[in-house]
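Subject: Structure for your review

Dear colleague,

Please find below the structure that I am handing over to you. My findings follow it, and I would be grateful if you read them with the model open.

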Amino acid sequence: MSTIADFKTAFMPNWCPGCGDFGIWGSLKNALVEKGWGPTDFCLVYGIGCHGHMVNFVKSYAIETLHGRPIPVAQGIRLGNHKLPVIIVAGDGDTFGEGTNHLVHIARRNVKATMLVHDNQVYGLTTGQTAPTAPKSFKTKSTPSGVLEEAVNPIAIALAAGATFVARGFAGDIPKLSKLILEGLNHPGFAFIDILQPCVTFNHVNTYAWYRQHIYDLDENHDVENRAKAFEKALEWGPKVPTGVFYKVEKPTYEEQTPQLDVKSLVEQDLNYQNLESLIDDLV
Ligand SMILES: Cc1ncc(C[n+]2csc(CCOP(=O)(O)OP(=O)(O)O)c2C)c(N)n1
Ligand code: SF4
Ligand SMILES: [Mg+2]
């Protein structure tokens, strides 16, 4: 059993007042408490961005990686110690700019990890440039005449790549987001959660008010095992923006299919008996 206080650090968040990151921070801690995990029961892997500052505000095993690279680090942790649950906290820049390829591969491998994408449509930390999730025509300091490209569709990319749990949450609804994150933590495979996160400083289009007017919950009639239906819902964006679980199926994980991890995790294995001399001889 744990309590919210167990995750307290010496630092208070330095996000802009009203930032959607606060909602994700609170929801994650709620989900961890509900799951019954304490700070040493899992590892948080962060990218670089405003979201990554959370490394200072949640007490746990954690690593703040490079911009775009939290996914490969998380996969490395899983292969080294697949008994340690991993949660990836990434930005939309992290995930769909420099790190896009990694998302495709972790999804098709079905590595057991829960991924929370802080989707604010901008590069918050570097002061508001356009992210690949920004809508066409969106004006920022890096696109003063408006974005020329179409926005990437995080849900459709995760589905196409083969993610076994694909969901969208909203940072402005902490009770629902806490539940969704818990569902992601409980999923026995790769769980991708795109979280609509208002950036109150640099995104004056997708505000809390905008989301509240446009989002709706996928209802209980939505068949979460129907991938085609999930794609259909993924393409809805505009007057209506669906939130909730789009897709959820169970498949063997990468770790389960790796024979070297059958008996023990790599960190538990004794490396002394390995004689690598002949291998080295072959290479020299
Ligand atoms: C390899 C590398 N490339 C670029 C940067 C510069 N950089 C730091 S944060 C950032 C963008 C962050 O945007 P996002 O991932 O959306 O996170 P947010 O700040 O919006 O939470 C960039 C481009 C960096 N630190 N390292
Ligand atoms: S710049 Fe945006 S994302 Fe970063 S802390 Fe401020 S409101 Fe949040
Ligand atoms: Mg961002």
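In what follows, a residue is called buried if its relative accessible area is under 20%. Please note that the model is a predicted one.

By that criterion, six of the six residues of strand β3 are buried, so β3 is largely enclosed by the rest of the structure. In a regular strand, side chains alternate between the two faces of the sheet. In β3, Val86, Ile88 and Ala90 point one way, while Ile87, Val89 and Gly91 point the other way.

Strand β3 belongs to an open sheet of eight strands with mixed pairing, in the order β2-β1-β3-β4-β8-β7-β10-β9. From one strand to the next, the twist averages 20°.

On one side, β3 (residues 86–91) runs parallel to β1 (residues 43–46), and four bridges join the two. Ile88 of β3 is the bridge partner of Val45, and Tyr46 stands opposite Val89. Strands β3 and β4 also run parallel and are joined by five bridges; here Ile88 has Met115 of β4 as its bridge partner.

Two helices deserve mention. Helix α1 (residues 21–35) packs on the sheet, where it touches β1, β3, β4 (113–119) and β8 (190–196), and its direction makes about 160° with that of β4. Helix α6 (residues 174–186) lies across β3, β4, β7 (165–170), β8, β9 and β10 (241–248), and runs at about 160° to β7.

I turn next to the magnesium ion (ligand 3). Its protein donors are Asp92 (OD), Asn120 (OD1) and Val122 (O), which lie 2.1 to 2.2 Å from the ion. Their spacing in sequence is D-x27-N-x1-V. Asp92 lies in helix α3 (residues 92–98) and Asn120 in the loop between β4 and β5 (122–123), so the pair ties together parts that are 28 residues apart in sequence. Asp92 has 1% relative accessibility and therefore counts as buried; Asn120, at 7%, also counts as buried.

Yours sincerely

Definitions and conventions: Residues numbered from 1 in each chain as written. Chains lettered and ligands numbered in written order. Predicted model: local features only at pLDDT ≥ 70, side-chain atom pairs only at ≥ 80, totals over all residues. Heavy atoms only, no water. Pairing = 2+ DSSP bridges. Axes fitted to C-alpha atoms, helices over the stretch in contact; angles between N-to-C directions. Contact = heavy atoms within 4.5 Å. Donors = N, O, S within 2.8 Å, 3.2 Å for Na, K, Ca; no water. Buried < 20%, exposed > 50% of the residue type's maximum accessible area, 1.4 Å probe, protein only.
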